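Dear colleague,

Please find below the structure that I am handing over to you. My findings follow it.

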Amino acid sequence: MDRNLFSVKAVKKAFMMAVQLLLLTIGASQCFAQSQSGTSSVKSVKERQYLEIINSLYFYIQQNYVDEVDPEVLYQGALKGMLQSLNDPYSLYMSKDDWRTISDTTTGSFGGVGLSITKPTENTPDKPAYVEVSQPIDDSPGARAGIQPGDKIIRIDGVDTSTISMNDVLDRLRGTVGEPVTVTIRRGKKMEFDCELVRALIENPTVKYGMIRNTGYIRISEFSTTTVDHVQEALDSFKKDGYNSLILDLRNNGGGLLSAAVDIGNKFIDSGTIVATKSRLAYENSVYTASARKTTVDKNIPVIVLINRASASASEILAGALKDSHRAYLVGERSFGKGSVQVPTPLIDSDGFKITVAKYYSPSDVNIDKVGIPPDREVKYADFTDEEEKAYSALMSSDEVSEYVEQHPGMTDDDIGAYAVRLQSKYNMDLRILRKVVRNEVDRTRPSRLYDLDYDLQLNAALDIFRSENFKSLMATTKTLKEIQAADEAENAAGSVALKN
């Protein structure tokens, strides 16, 4: 018999004997307890047995595994496996970095220097993976120091940023409010200088807004503790400017705090249900109802909500509430379909986990999990043809656009359009997309745009509705999610009958 095989069997046998002995001891004590009290259930017995087996396996691995094992590795592996076994993509273990991200989202603020940054994934001698500034946040230490979009952060406190991960970069830039950090900036090809930035409380900018002619436009990127106040700030600004219509942009909004979505919904809806949560846990069953005293948008202001395939969770709660209450018209693409509620919970080592505790239901009592919310008017971006995919990949892989923009500073919209026409002779693609590619490169060294009417088909469609259609008549044709669900079920039933016949 193979000696290694014999050793494996011996180890397995020893472990199983230890577990069986442990279970016999537990079982005997619990049977005695049951005979005495009669209150223990079979389920509770199994729960304790499983916990003891897990505990025993942990110590067995520590004592018998061929190499020394870091306890943190076993701890994280156990938590990941337990949560993954639920077969729920939204119930999961979160490492320190993941937990920091979700904490920043929900609290809406953190100690830092106020720079939105990106970092390439590849690091080569020709193109070091330095951190690049996308946008300084207004009135932040970075903005006050004069750091500009397009600047590269090549060192942080003397550490070369091309050699460290994005998480390491964030760890070094963020920290205790009032403490300094020194960044070395490269501007252009040759200019380099140091900036000492004193960390301050930085608010995560989840809301951006402005007027498009007479229409107020609000873009919400996520729902945090500060989002509600900033939405009201936008509404107050629009009222002062005399707006007569409103666009609420929830595209690419992955969610956030349920309470923030509810409070924003209440600014538009003056009565009835905004959302309900249902669970096997009684304390997770709630109905969130609108209050007229919290409504701040005049009911005569027409509202359009923009959604797409990346609109999820809290953004779907808000979109669904406005749709079911006939308060807004939805434009864009069917939303993602995340109809469940998670509770994030911190653990002992700056990590945490989140677990699904309930499902949410729209005012018409529909759960959209894995289904999504259909828009009242679908506006989709055309998929690339095979030829266009190849052309786009070739263009993005080359340095042609970046080199041209660098050689032609201060390009205007006319310049961008003219260059896009030249590119089209080489890359057979839609001019609108080529203009977008060039404009993105030009905007790397400018403040970010609130919107792009040259490229954004869905935003233009919403503006056209306000401009050329009878909004009141349009809203009269909309259906609640319940009505859409009933129509789909009837259609499916009719299809099944037809197949049988």
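The lining of the second largest pocket comprises ten nonpolar, ten polar and three charged residues. In this classification Ala, Val, Leu, Ile, Met, Phe, Trp, Tyr, Cys and Pro are nonpolar, Asp, Glu, Lys and Arg are charged, and the others, Gly among them, are polar. The model is a predicted one: local features need pLDDT of at least 70 and side-chain atom pairs pLDDT 80 or more, while totals for chains, interfaces and linings use all residues. Residues are numbered from 1 along each chain as its sequence is written, and side-chain values use heavy atoms, without hydrogens and water.

The volume of this second largest pocket is about 480 Å³. A pocket here is an open set of points on a 1 Å grid over the protein atoms alone, where a 1.4 Å probe fits, with protein on both sides within 12 Å along at least five of seven lines; lining residues have an atom within 4 Å of a point. The volume is the space filled by probe spheres set on the points, which are joined across faces, edges and corners. Of the 23 lining residues, those closest to the centre are Ile 102, Gly 255, Gly 256, Leu 257 and Ser 313. The largest share of the lining, four residues, is supplied by β17. Helices (H or I, at least four residues) and strands (E, at least two) are DSSP runs, numbered from the N terminus.

The chain also contains an open sheet of six strands with mixed pairing, in the order β10-β11-β12-β15-β16-β19. Its edge strands, β10 and β19, each pair on one side only; pairing requires at least two DSSP bridges between two strands. β10 and β11 pair in the antiparallel sense over six bridges, and Lys 208 has Arg 219 as its bridge partner. These two strands form a hairpin with two residues between them, and Arg 213 in the turn has a positive phi of about 55°. By contrast, β12 and β15 run parallel and are joined by four bridges.

The largest nonpolar core has 44 residues. Such a core is a set of buried Ala, Val, Leu, Ile, Met, Phe, Trp, Tyr and Cys residues joined through side-chain atoms within 4.5 Å, where buried means under 20% relative accessible area (1.4 Å probe, protein chains only). α9 gives the most to this core, with six residues. Val 305 is one of the residues with the most contacts inside the core.

Yours sincerely

Conventions: Buried means under 20% relative accessible area, exposed over 50%, partly exposed in between (1.4 Å probe, protein chains only).
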